[in-house]
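Biologist: I am new to this structure and would appreciate a guided tour. Could we go through it together?

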Amino acid sequence: MIRKLFSRQKSVKVVPEEELARRLTDPEYRCACCNVELRAGTGVVRPEAPFSWKNPPEPDPDEVFENGGAEIFTENYARRDGDNLLRAYLPIPVRGTDREVFIGVWCSLKAGNHARFRSAQARGEADKLGEMFSWLYTQLPRLTGPLLTAGALVPYSDGRTPLYWITDKKHPFHAFQQDGMSATDILSLYEDFGCGDMVKHLKA
């Protein structure tokens, strides 16, 4: 018992902020404990469904969306309660670097714009659409952030996932998109979204 009381506690490894930022943004970084390429900057946070949609069905292929229906859920698109939704990436600069991380979110488009986007995306020409008004359908931070935040969807060519920029200055992530976040704060965000295993690998 005495030996246990006075034994030294195992020290917790602390990774410097600069190194955390490097690991987070380096697409070729491999975990120190398992040598797995992490690619932690893109798509780690990928909400299963838009907020308020509990227990969504298994996603269908995107082509199913064209069949119509009041409630549809595919890999990248959804329709529910009259809202036409799609997946996008919300970019956040990582402080101390010239790189960004890309957080997966759901957002909406008006029915006509949604159809135009799907068609152009299938042709690989979505970038010709230009910026499109959109509402954010993912809470940031998770479970506590504002709902239905105004923003802009920016499509890209070759079928790439579009980017989402928050335009509502009252939303805390509007400032983060402009000024960036520390690597530590981004990893806390990852943990909030249930990506704790990735965080452990980045800190190994």
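**Strands, helices and cores**

Modeller: Let us begin with a hairpin: strands S3 and S4 have six residues between them, and Gly96 in that turn has a positive phi of about 90°. Please keep in mind that this is a predicted model.

Biologist: How many bridges join S3 to S4, and in which sense do they run?

Modeller: Ten bridges join them, and the two strands run antiparallel. One of the pairs places Pro93 opposite Glu100 in S4.

Biologist: Is S4 enclosed or open?

Modeller: S4 is largely enclosed by the rest of the structure, because eight of its ten residues are buried. S4 is also joined to S5 by two bridges in the antiparallel sense, and Cys107 has Leu136 in S5 as its bridge partner.

Biologist: Changing topic, how many residues does the largest nonpolar core have?

Modeller: The largest nonpolar core has 44 residues, and Leu24, Ile103 and Tyr190 have the most contacts inside it. Among the elements that give two or more residues to this core are H2, S3, S4, H3, H5 and H6. There is also a second, separate core of seven residues, which includes Trp53, Phe73, Ala78 and Tyr137.

Biologist: What is Tyr190 in contact with?

Modeller: Leaving aside neighbours within four places in sequence, the contacts of Tyr190 include Leu24, Val44, Val45, Val101, Ile103, Met198 and Val199. Tyr190 is also one of the buried residues of H5, together with Ala183, Ile186, Leu187 and Leu189.

Biologist: Why do the buried residues of H5 line one face of the helix?

Modeller: Seen down the axis of H5, these residues fall within an arc of 150°, so they line one face. What covers them includes H2, S4, H4 and H6. Just after H5, Gly194 takes a positive phi of about 80°.

Biologist: How do H5 and H6 meet?

Modeller: Their axes come within 7 Å and cross at roughly 145°. H5 contributes Leu187, Tyr190 and Glu191, while H6 contributes Gly196, Met198, Val199, Leu202 and Lys203. By class, the contact has five nonpolar, one polar and two charged residues.

Biologist: Which residues of H2 are buried?

Modeller: The buried residues of H2 are Leu20, Ala21, Arg23, Leu24 and Thr25. They pack against S4, H5 and H6.

Biologist: Next, His174: buried or exposed?

Modeller: His174 counts as buried, with a relative accessibility of 15%. His174 lies in helix H4, residues 172–179. Leaving aside neighbours within four places in sequence, His174 is in contact with Ile166, Thr167, Asp168 and Lys169.

Biologist: And Asn113, where is its place?

Modeller: Asn113 is in helix H3 and counts as partly exposed, at 23% relative accessibility. The C-alpha atoms of Asn113 and Trp53 are separated by 22 Å, and the two residues are 60 apart along the chain.

Biologist: Last topic, the backbone: which residues does a cis peptide bond join?

Modeller: A cis peptide bond joins Leu140 and Pro141, with omega about -5°. Pro141 is found in the loop between S5 and S6.

Biologist: What is phi of Arg39?

Modeller: Phi of Arg39 is near 50°, a positive value in a residue other than glycine. Arg39 has its place in the loop between H2 and S1, and it is partly exposed, with a relative accessible area of 49%.

Notes:
Residues are numbered from 1 along each chain as its sequence is written. This is a predicted model: local features need pLDDT of at least 70, side-chain atom pairs count only at pLDDT 80 or more; totals for chains, interfaces and linings use all residues. Side-chain values use heavy atoms; hydrogens and water are left out. A nonpolar core is a set of buried Ala, Val, Leu, Ile, Met, Phe, Trp, Tyr and Cys residues joined through side-chain atoms within 4.5 Å. Buried means under 20% relative accessible area, exposed over 50%, partly exposed in between (1.4 Å probe, protein chains only). Helices (H or I, at least four residues) and strands (E, at least two) are DSSP runs, numbered from the N terminus. Contact means heavy atoms within 4.5 Å. Axes are lines fitted to C-alpha atoms, for helices over the stretch in contact, and angles run from 0 to 180 degrees between N-to-C directions. Ala, Val, Leu, Ile, Met, Phe, Trp, Tyr, Cys and Pro count as nonpolar, Asp, Glu, Lys and Arg as charged, and the others, Gly among them, as polar. The arc is that of the directions from the helix axis to the C-beta atoms. Two strands pair if DSSP finds at least two bridges between them.
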